[in-house]
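Please examine the sequence and the structure shown below before reading further.

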Amino acid sequence: MSPPEARRPNIVMILTDDHAAHAISAYGSVVNTTPRIDEIARLGLRFDNCFATNSLCSPSRASILTGTYSHVNGVTTLVTPIDASQPTFVSALKAAGYRTAMIGKWHMGDGPGHNPEDFDYWDVLIEQGEYLDPNFLDKSGLRQVTGYATDIITDLALTWIAAGEGPYCALIYHKAPHRPWIPPAAFDDRYNDPVPLPPTFGDDYATRTSSARRAAMRIAEHLTLEDLKEPPPDGLSYDEEALWKYQRFMRDYLRCVDSVDDNVGRVVDFLRERGDFDDTLLMYASDQGFFLGDHGWFDKRFMYEESLRMPLVMSYPRRVVPGVVTEMVTNVDWAQTILEAAGVPAHPRMQGRSFWDLTTFERDGVYYRYWEHDDVFHKAPAHYGYRTARYKLIYFYNDGMGIPGCGWGTYPPEWELYDLVADPAELRNVYELPEYRAIRAELKVAMWREQARVGDQPHPSQPRPVGA
Ligand SMILES: [Ca+2]
């Protein structure tokens, strides 16, 4: 029998959909508590600057799995399905002898060529999936399962782990807490008192570009009746109705998160009872962040902090010393990090950097690109940018905005620059201010260099200067 330190780690990644870090108490939430997610953070690492490289469901999942940027893996938007034959960290683990499973929200396309590959077992929701009595697709076809999605996904995952032997990699991917935020009926008594309003709820976008101002993601105006489940009471003013909608939205969102937290606890308890907890790299994360009324918005997409930041906590008691990590890491880095932890070589195509050895990890900045440009529901225009520890530069290229029927009009390219030390809430775009001209120029060069390094192309409206 090999000594404990030679035991290969199990990999368990619990990934939720649209769970903002600021709705996790380990990250200082003022709206809820998440004791079981906090437990992983307390026993392991909490990453305070983990960023999505494209803040949207399908693209983030593809980057996590393949260790590549959207322009390389091809999943740039919600309607660009994955070529599932690409090398992934899971295919590498499987080749190295791991049992592998994908359970829950896949959301990178369905059908031949897009269904999960290199998993011994896969059992997934169709597209966005349902909260109640969801449909699941596996190798034998489609079936409906009675119950609540978050519970069922956990049940299926734990049943699969329990049925086998040897090291395993289980991806437990929840639908929750994604729109339309349908919580378990048993939680009707929770969050009936108002939760605090974020300080930026009344952001008037005074210094932002028109690109940000025209997004159709406002709590006050763009939540649907399906989201709210009931119409606002009659006779409310615009501001009163906005507050009512915020509370109505948050009540269901946080109840969905409570169910996630309970199910995270079930996984932790199961691993402990099985004697696996100390030898498991257990990750809890969300595919991106989310605006929880911040800047008056819900949803994600923008490169602003609440959307860009991914919660990420991970424990592996046998080999990871608990702590807080402030270095900037991205979802593109995870594949190589997991593989290094497992002692399995990464595929040369992977573009991130393993942060397994944090003593040597440092990075100047991260590149971001949101590609979805014609979504007539959210109207968040495509953009790319660069974030350093102190600054964030964003370029909205506004190409093709005159899409027939969507009423966007045509807009010129626009830039934003935020000083995250002076203005952590990102309320003041300083791009045009003279005192920021020098840093503005430096950041553009750094952005272009990083864009070139990862193999992406600048938009034709702003060619990369020769030598940059
Ligand atoms: Ca998502």
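The model is a predicted one, in which local features need pLDDT of at least 70 and side-chain atom pairs count only at pLDDT 80 or more, while totals for chains, interfaces and linings use all residues. Residues are numbered from 1 along each chain as its sequence is written, and side-chain values use heavy atoms, with hydrogens and water left out.

We begin with the sheet. Helices (H or I, at least four residues) and strands (E, at least two) are DSSP runs, numbered from the N terminus. Two strands are said to pair if DSSP finds at least two bridges between them. Four strands form an open sheet in the order β13-β14-β15-β16, with antiparallel pairing. Its edge strands are β13 (365–370) and β16 (414–419), each of which pairs on one side only. From one strand to the next, the twist averages 10°. In general, strands of a sheet pair through backbone hydrogen bonds, either parallel or antiparallel. Strands β13 and β14 (residues 383–388) run antiparallel and are joined by six bridges; Arg 369, for example, has Tyr 384 in β14 as its bridge partner.

A helix accompanies this sheet. Helix α12 (residues 437–453) lies across β13, β14, β15 (391–396) and β16, and runs at about 110° to β14. Such angles run from 0 to 180 degrees between N-to-C directions, and the axes are lines fitted to C-alpha atoms, for helices over the stretch in contact. Contact here means heavy atoms within 4.5 Å.

The term buried means under 20% relative accessible area, exposed means over 50%, and partly exposed lies in between (1.4 Å probe, protein chains only). In a regular strand the side chains alternate between the two faces of the sheet. In β13, Gly 365, Tyr 367 and Arg 369 point one way, whereas Val 366, Tyr 368 and Tyr 370 point the other way.

The salt bridges come next. A salt bridge is a side-chain nitrogen of Lys or Arg within 4 Å of a carboxyl oxygen of Asp or Glu, and a search of the whole structure finds 37 of them. Arg 387 lies in strand β14 and Glu 305 in helix α10, so the pair ties together parts that are 82 residues apart in sequence. Arg 387 counts as buried at 5% relative accessibility, and Glu 305 is buried with a relative accessible area of 9%.

Another salt bridge joins Arg 301 and Glu 372, whose closest N and O atoms are 3.1 Å apart. This pair links distant parts of the chain, with Arg 301 in the loop between β9 (280–286) and α10 (305–308) and Glu 372 in the loop between β13 and β14, 71 residues apart. Both Arg 301 and Glu 372 are buried. They also belong to a network of salt bridges that links Asp 18, Asp 299, Lys 300, Arg 301, Glu 372 and Asp 375.

Which residues coordinate the calcium ion? The donors are Asp 17 (OD), Asp 18 (OD), Cys 57 (SG), Asp 287 (OD), Asp 287 (OD) and Gln 288 (OE1), at 2.2 to 2.7 Å. Donors are N, O and S atoms within 2.8 Å of the metal (3.2 Å for Na, K and Ca); water is not among the atoms, so sites may look incomplete. Cys 57 in helix α2 (residues 57–66) and Gln 288 in the loop between β9 and α10 are 231 residues apart. Cys 57 counts as buried at 1% relative accessibility, and Gln 288 is buried at 0%.

Finally, two buried regions deserve attention. Lys 105 is found in the loop between β4 and β5 and counts as buried at 0% relative accessibility. Among the residues that Lys 105 touches are Asp 17, Arg 61 and His 178. In helix α1 (residues 35–43), the buried residues are Ile 37, Asp 38, Glu 39, Ile 40 and Ala 41. These buried residues of α1 pack against β2 (45–47), α9 (238–274), β9 and β10 (312–315).

Conventions: Lists of a residue's contacts leave out its neighbours within four places in sequence.
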